[in-house]
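Subject: Structure handover

Hi,

Here is the structure I promised to pass on. Please load it first, then read my notes below.

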Amino acid sequence: DVLLPGLNGFEVCQRLKADPLTADLPVIVVTAKSGIEDLERGFEAGATDYVRKPFNPRELAARVRNAVELKRRGDAIRRWTERISSDLALAGALQRSVLAPHPFLRENMRIHTAYQFSIEVGGDFFDMLMLPNGQIALYVGDVSGHGVGAALAATLLKANLTELLHQHAAEGPAFIANELHQRFIHQLRAPGLYATLFLALVDPEKRHWRCMNCGHPAPIVIAPPGLKRMDFEVRGGPPVGF
């Protein structure tokens, strides 16, 4: 009740909302005042609903039932959100462990990576592999969308790409990208889901790069002083699964 002696209803409401143990309790303000300023003050204090005096007991009981039901639904949503957040945090930790290869250090090539998530999980994937024929495979890709679905699709692509690179490196990057595309559309069957990909097969002895770009932003080449700068050509094929 707003008009309480000593501590009024607004102050009671404010104290309830300030205490973590009672902050989520629904509060119904009962008031004889009908001015909009008083109602605004009640809602600003944290009230869920209000009833004007004189009130019908059945109306008050109905409003209490509604307030309790809203509280139950809010609690259920909060528990679901906490569970999803926990699952996303675990998925993010697992994905970061997969996307954190050690520096690739060879006599004539050194590769270091740095990657920062913008959300817990995403559709990014990259790796560098030493292949049986002596070539080095480098790739970076990004699945459309965000969240768990994109992360799972990225994991699937990474596994398929690793297998294809070890089995078909001699056929070249375009062949591998096409094979990956076929696997992607048959395994996922998800229209609207696709992935950009930049794939390079490098001969470390000849320093020759064979590349395939599937809708991904072209790499930036930064050459040291005295060496000719060569930019990657911005051309290629559509995204994988597009």
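What percentage of the 242 residues of the chain count as buried? The answer is 32%. Keep in mind that this is a predicted model.

Overall layout first. The chain has five helices and eight strands. Its radius of gyration is 30 Å, well over the 18 Å that the globule rule gives for 242 residues, so the chain is more spread out than a compact globule. The C-alpha trace spans about 90 × 45 × 30 Å along its principal axes. In sequence order, the elements run α-β-α-β-α-β-β-β-β-α-α-β-β.

Now the strands. β6 covers residues 136-143. It pairs with β5 in the antiparallel sense, over seven bridges. In that pairing, Asp-124 stands opposite Asp-142 in β6. The hairpin of β5 and β6 has five residues between the strands. Gly-134 in this hairpin takes a positive phi near 90°.

β6 also pairs with β7, again in the antiparallel sense, here over eight bridges. Gly-141 stands opposite Leu-197 in β7.

Why is β6 described as largely enclosed by the rest of the structure? Six of its eight residues are buried, so the rest of the structure largely encloses β6. The cut-off for buried is under 20% relative accessible area.

The lining counts 43 residues. Nearest the centre of the pocket lie Leu-138, Trp-209, Pro-219, Val-221 and Phe-232.

Which strands each supply at least two residues of that lining? They are these:

- β4 (109-111)
- β5 (124-130)
- β6 (136-143)
- β7 (195-203)
- β8 (208-214)

So much for where the lining comes from; its make-up is next. By class, the lining has 25 nonpolar, eight polar and 10 charged residues.

Over to you.

Best wishes

How values were computed:
Residues are numbered from 1 along each chain as its sequence is written. This is a predicted model: local features need pLDDT of at least 70, side-chain atom pairs count only at pLDDT 80 or more; totals for chains, interfaces and linings use all residues. Side-chain values use heavy atoms; hydrogens and water are left out. On a 1 Å grid over the protein atoms alone, a cavity is a set of points where a 1.4 Å probe fits but cannot get out, and a pocket is an open set with protein on both sides within 12 Å along at least five of seven lines; lining residues have an atom within 4 Å of a point. Helices (H or I, at least four residues) and strands (E, at least two) are DSSP runs, numbered from the N terminus. Ala, Val, Leu, Ile, Met, Phe, Trp, Tyr, Cys and Pro count as nonpolar, Asp, Glu, Lys and Arg as charged, and the others, Gly among them, as polar. Buried means under 20% relative accessible area, exposed over 50%, partly exposed in between (1.4 Å probe, protein chains only). Two strands pair if DSSP finds at least two bridges between them. The radius of gyration is taken over C-alpha atoms; the globule rule is 2.2 Å times the number of residues to the power 0.38.
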